[in-house]
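Please read this note with the sequence and the 3D view open. The points are numbered so that each can be checked in turn.

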Amino acid sequence: MAADSGPGYSETLLSRREVVVFGLASLLAPVALRSAAIPDGASLPAASQRAAMFHKIVYDERDAYSRAFGLEALALGGAAEPVRDLTSLWLDELAPMWRENDFAVAGMTRPDVLFCLEQMAWPLGRRVVFRVDHHESASHEFEHRTTGPQSWIDPGSLGRDWPRELARALLRGPGSGPVRSASNSMVTAATLHRNTLISWVIAGRDARSTRGSAG
Amino acid sequence: MRVPPNVSVSDFTAAIKEFQSVVGSDWVFTSDADLNVYRDAYSPYLGEPEERIASAAVAPNTTEQVQSVVRIANKYHIPIYPISTGKNLGYGGSAPGYSGSVVLDLKRMNRILEISERNAYVLVEPGVSYFDLYRHIQERGLKLWVDVPDPGWGSLIGNALEHGSGYTLPHLRNHFEAHCGMEVVLANGEVMRTGMGALPAAQTWQQYKSGYGPWVDGLFLQSNFGVVTKMGFWLMPEPDAVLKGQIQLPRYKDLVEFVDILNYLENSGVYNGTPDFGSPLLFMPQIAQWPEFIEGAAPTLDPGHAALLQKAEFGYSPELEAYGLKHNIPYWRCSLTFYGPAKAVLAQWEFAKEKCRAIAGVTFEDGEVVRPPLTAEQRKQIHLPEFGIPSLNNFVFGARSKLNPHPAHGHMWFSPIIPRTGEAIYTANKVFMQTAKEFDIPLQFSFMMPTCYWERAFVCIFGFSITEDAASNKKHRELFRELIKRCAAHGWGEYRTSTVFQDDVAQEYSFNNYVLRRFSESIKDAVDPNGILSPGRYGIWPKHLRDGRK
């Protein structure tokens, strides 16, 4: 995000501009915060099981919100790593494994990272099956729009600590089985926003999950 | 269900069923969700009625299936738009140029059919990406390099047929020139092999390009006369060494003499990599510097320098030049890359320096002689494509960064070919900047440095933003179209363009009452009388749609 800061997600060293934005964000945070859909703490065993479903959970360490998501996922037992080198992530890890196995990858990243991964995952028969767009408004509030199994998370339930809540929701899951078919998505100009993060899951898509893997 | 233009619902339904019987129902896509992936994510008309949208997509797995699909399309007069991996971003992506066409998606045809280390060639299908081939070579420990474009996620065949380019040896970085032999499915469903491939027992299909009689391969470059299902490419034996040296020039006018020296050195084969221009004084990094420039520590500009830069016109003012001379900031910087034996590349670099010393005040930075294979540490410090390694690093251009806090959401590439002279660089910049100023659209650079992907000519490549604001996109399209015209008036034409501008560019190639286009149309009418293959691609329309041409 432009400010790379927000309630509870400040950098160690903030620029003056970031301090200003941080202050504004704190002041303008929604007053009527809903409690998170996933309660704190109590779900660690379930989270561990869910964590095993994701081969990898990626985040952007340059972004405070994304970093909070990633560190929470890591704390819950997920294989969370920052995306430092997208080429290497794809070439050395995801592409070879996706050719052989069906597994899911989750992340909270800026749109450009998802754009690349979605484009490259498609010919291997993998799709974006779950997606939440987090749009930051001029007043630094976040709007969350979901595409995918609604049972995974109710965007209306996301509160002030939404990156961590989302990590918990993803890792704890709805308890209703594996990723299901979802409407597809494409990162396009029309869906992007000045300050946007996207949480996503890329996986095989229902019965077609292995198509295209061999060519 | 969307239906192609001039095709009845019943015919389209029947065709879809027949497509399914050929490729399997899993590989025919008609839902909006599936077809979204075939939209052009960087469409200049994104979300507007003029955006090009597919009616369906079909993904065959073999040449025989391609033949059957083409025959079905002919039977029902359904326009089809072949794509390889569909990564032609900035030039149309995987969306059809003619809205309502069925995308013929060849990604599943991703086999590397033959690779020869002894003769340094490979034969591939359209779905093979640069990543795929690189991995294939690495896994087998072959001492071969593949020339890759930036980014390297696309198809070898798709990139070559769009006249894509890379960074290594001149005859390999011109990706179409690097090909040797094709297999093409014609519009009537027949399979043709070009060059020596026309011999049923060919032994040299990937070794001798021209075969016997007319060399027809060029007809399938940026055209719509067939569906290419196999192509051979020449590869580069891993070089003994790579050396990259930097040349720095102090004055604005130095480009004229320097480009002449550059041409002499290249045309004589003294250096064999891609020259890479930048301007420290104009705050323009070289291509290889961009990732670090954007993602590294934020580059800073002295306020005095910044103020002078702001006032400079078309990249020049006497005060700016004086500032550079006083502070030892070169006006221009250009790297030369040498591939070959270590002793030879050092000698070649010395010779290049000797020639350049004719320019007063020239300075040099000697690079390290790098001996492949690279260490992990070396890989972090180099521009990967120059070492035949595909990468996604150039997506940093458009990503959010300290230099680009509010990135656009896509871009349309403008790519005119200009003469390889210093004077042309200056004139082109004046034309670009003056035109943009008239449209009140600031260009995203202080000076457009040319790139040297091909021998003998420069290409200037710059992107126009696509945003979520339709009015802004419209304004950018208008500027784009005006630039096409003004460049043509100067004798410069685009080598490649987005599908939505292909008629605009074709309109400028008008010598002798468009005889070149009419010749292409004659071929089109002869080989694809129903006009099913990529109608309108690069301005070539089938007869029944020619009147509607823009």
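1. Helix α4 of chain B is largely enclosed by the rest of the structure, because 8 of its 11 residues are buried. The model is a predicted one. The buried residues of α4(B) are B:Tyr130, B:Phe131, B:Asp132, B:Leu133, B:Tyr134, B:Arg135, B:His136 and B:Ile137. Just after α4(B) comes B:Gly141, with a positive phi of about 65 degrees.

2. B:Arg135 pairs with B:Glu139, and their closest N and O atoms are 3.3 Å apart. The two residues are 4 residues apart in the helix, so about one helical turn separates B:Arg135 from B:Glu139. In general, an α-helix has 3.6 residues a turn, so residues three or four places apart point the same way.

3. Where does B:Arg537 find its salt-bridge partner? Its side chain meets that of B:Glu162, at 2.9 Å from N to O. This pair links distant parts of the chain, since B:Arg537 is in the segment after α16 of chain B and B:Glu162 is in the loop between α5 (156–161) and α6 (170–173), 375 residues apart. Both ends are buried: B:Arg537 has a relative accessible area of 11%, and B:Glu162 has one of 8%. Elsewhere, salt bridges that share partners join A:Arg99, B:Asp132, B:Arg135, B:Glu139 and B:Arg140 into one network.

4. A salt bridge in chain A can be set beside these. A:Arg145 is paired with A:Glu143, with 3.8 Å between the closest N and O atoms. A:Arg145 is partly exposed at 39% relative accessibility, and A:Glu143 is partly exposed at 41%. Over all chains, a search of the whole structure finds 42 salt bridges. As a general point, side chains of opposite charge can pair when their charged atoms come close.

5. Next, the empty space inside. Rolling a probe the size of a water molecule over the atoms shows where empty space is left. A search of the whole structure gives 8 cavities of 30 Å³ or more, and the largest cavity holds about 200 Å³ of space. Its lining has 15 residues, and those nearest its centre are A:Arg99, A:Met120, A:Pro123, B:Ser129 and B:Asp132. A:Arg99 and B:Asp132 also belong to the salt-bridge network named in point 3.

6. Which helices supply at least two residues each to the lining of the largest cavity? They are α4 (86–100) of chain A and α4 (130–140) of chain B. The largest share, 3 residues, comes from α4(A). Sorted by class, the lining has 7 nonpolar, 4 polar and 4 charged residues.

7. Two peptide bonds in chain B deserve a check in the viewer. Most residues other than glycine have a negative phi, and most peptide bonds are trans. The bond joining B:Asp150 and B:Pro151 is cis, with omega about 0 degrees. B:Pro151 sits in the loop between β7 (144–145) and α5 of chain B. The bond from B:Pro372 to B:Pro373 is cis as well, with omega near 5 degrees. B:Pro373 is in the loop between β16 (369–370) and α12 (376–381) of chain B.

8. Positive phi values should be noted too. B:Phe314, a residue other than glycine, has a phi near 50 degrees; B:Phe314 is found in the loop between α9 (303–311) and α10 (318–326) of chain B. B:Tyr538 is not a glycine either, yet has a positive phi of about 50 degrees. B:Tyr538 lies in the segment after α16 of chain B and is buried, with a relative accessible area of 16%.

9. Last, the surface. B:Phe511, B:Val515 and B:Leu516 form a nonpolar patch there, with about 340 Å² of accessible area together. One of them, B:Val515, lies in helix α16 (residues 511–527) of chain B. B:Val515 is partly exposed, at a relative accessible area of 34%.

How values were computed: Residues numbered from 1 in each chain as written. Chains lettered and ligands numbered in written order. Predicted model: local features only at pLDDT ≥ 70, side-chain atom pairs only at ≥ 80, totals over all residues. Heavy atoms only, no water. Patch = residues over 30% accessible without salt bridge, like charges linked within 9 Å, V, L, I, M, F, W, Y side chains within 5 Å. Areas by Shrake-Rupley, 256 points an atom, 1.4 Å probe, with all protein chains shown as cover. Salt bridge = Lys/Arg side-chain N within 4 Å of Asp/Glu carboxyl O. Buried < 20%, exposed > 50% of the residue type's maximum accessible area, 1.4 Å probe, protein only. 1 Å grid on protein atoms, 1.4 Å probe; cavity = no way out; pocket = protein on both sides within 12 Å on 5 of 7 lines; lining within 4 Å. Points joined across faces, edges and corners; volume = space filled by probe spheres on them. Nonpolar A, V, L, I, M, F, W, Y, C, P; charged D, E, K, R; others polar.
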